[in-house]
Amino acid sequence: MRNVDGRRLTFHLAGINNQNFLMRDEETGSYWQQISGLAISGPLKGRQLTLVLSDELNFATWKAEEPAGTVLKEVAKYASGYETKDWDMRMRHAAAVIQFPEHGMQSRDLVLGIQTAGASRAFLYDRVIAEMLVKSYLGTQPVLLVVGPDGQSVRAFRDRIPGVDGVPDFYRLNMDQPGAPSLMIDAATGSQWNFQGCAISGSAKGACLERIPMLKDYWFNWRNYNPSTTIWGSGTR
Amino acid sequence: MSFSARTRWILVLLACLAVSLASVAYPLYVIRPFRAQGARELAAALVISRIGRVLTVVSALAAVAAAIAYWRARAPMFRRISVAAGAVLVCVLAVLARANFYELLLFHPLEHPEFAAAADVRLDDDDKVIAVKIGGSARAYPIREMAYHHVANDVVGGTALAATY
């Protein structure tokens, strides 16, 4: 969110810091780090923007979930400069100015980064996609990463069903039926759940898992801002 | 005007030029793509960038005053022209100190973001979007556009947000 102390800020691309960009707000001239939303220089130094929960989805998946949604239109005079749809994959071959070659990680390995319960972890994107459903813990929090029916979109949830004790076991369903509305089932209630983390049948019908913010990023950038991060999925490459 | 007085005005002009050049060049040098930035040099560059906006204006005013004073000193014409050119350069640096080269030269900003229904945009089903939903309003920002513009200042469901990529 771009309201700080009741003032609405307008941001501009203003520079780069180890390949993560800097923003500058018109109203105070403060500089903000894009990945963290933290003001690092200027009158608002130290202030933190509030993160808005977001997804990175395939357009088809988003349209199916939000048929009444609206989409940012391209600006015709700049459209020739727009990236191709596989931009993030192509950028994996670009050089990085900082490296963290821990655990065999390459600078531009794509990871899904989660910070919660005082812990941070990078989940190797390719492994998550291959597994389709990943169960893990961050600190004391059980988390669930679920791959969408498009085989590319991923969401993260807290692995707790409202009103149900303990950490339920979830299992993947319908992997050979991409259009099926349910894609996982839990062992605690036998309910079937959709990609939005809501139960669509069974005793938990209507309940929704709590979403956890997750960032799809390159390893070097995630690691640079999460120095104590752990890694999931690097051991079997 | 005595030789020492003319010299003084030249020194003022050179000092203005040095300050303005440093105010513009140092941030540009530090904050550039494909270069690792250290924490201290970045902090210094950002401070210089911010104060440089005012400092270069002060410097330009001082340079112009020095050039006018030197011009009146009846030095040889080529020297007066050189000093005048120096003052012009300091003024140009004052303009450059306020320029956002990233948006001017590299990635043009979204001045007035516009939105349309999904059926009315040119996107393939496997294009990727950044999606938010606030207060019942759903919005998608195509990544192929956001990878160019990098920032979209928007209001969704009554909440002002900045979508970034």
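Trainee: How many residues of chain A and chain B are in contact, and what makes a pair of residues a contact?

Mentor: The count is 49 residues of chain A and 56 residues of chain B. Two residues are in contact if their C-beta atoms, placed from the backbone, lie within 7 Å. Mind that this is a predicted model: local features need pLDDT of at least 70, side-chain atom pairs count only at pLDDT 80 or more, and totals for chains, interfaces and linings use all residues. Residues are numbered from 1 along each chain as its sequence is written, while chains are lettered from A and ligands numbered from 1 in the order in which they are written.

Trainee: Which elements of chain A give two or more residues to the side that touches chain B?

Mentor: Strands 3 (11–17), 4 (20–25), 6 (38–41), 7 (55–58) and 8 (70–72), plus helix 1 (59–65). Strand 3 gives the most, with seven residues. Those elements are DSSP runs numbered from the N terminus: helices are H or I with at least four residues, strands are E with at least two.

Trainee: What is the make-up of that side of chain A by class?

Mentor: There are 23 nonpolar, 16 polar and ten charged residues. Ala, Val, Leu, Ile, Met, Phe, Trp, Tyr, Cys and Pro count as nonpolar, Asp, Glu, Lys and Arg as charged, and the others, Gly among them, as polar.

Trainee: How do you know that strand 7 of chain A and strand 2 of chain B pair?

Mentor: Two strands pair if DSSP finds at least two bridges between them. Strand 7 of chain A and strand 2 (residues 128–134) of chain B have four, in the antiparallel sense, so by that rule they pair. Within strand 2 of chain B, Ile130(B) stands opposite Glu56(A).

Trainee: Ile130(B) turns up in the largest nonpolar core too; what makes a set of residues a core?

Mentor: A nonpolar core is a set of buried Ala, Val, Leu, Ile, Met, Phe, Trp, Tyr and Cys residues joined through C-beta atoms within 7 Å. The largest one has 43 residues, and among those with the most contacts inside it are Ile130(B), Val129(B), Tyr141(B) and Met23(A). Met23(A) touches Val151(B) as well as residues of chain A, including Phe11(A), Leu13(A) and Trp32(A), leaving out residues up to four places away in sequence. A second, separate core of 36 residues includes Val147(A), Phe170(A), Ile185(A) and Phe220(A).

Trainee: What makes Leu161(B) buried?

Mentor: A residue is buried if 20 or more other C-beta atoms lie within 10 Å of its own, exposed if 12 or fewer, and partly exposed in between, with C-beta atoms placed from the backbone. Leu161(B) has 22, so it counts as buried. This residue sits in strand 5 of chain B, and its contacts beyond four places in sequence are Met1(A), Arg2(A), Val52(A), Asp154(B) and Val156(B).

Trainee: What joins strand 4 and strand 5 of chain B?

Mentor: Strand 4 (residues 151–156) and strand 5 (residues 159–164) of chain B pair in the antiparallel sense over six bridges, with Val156(B) opposite Thr159(B). They form a hairpin with two residues between the strands, where Gly157(B) takes a positive phi near 55 degrees.
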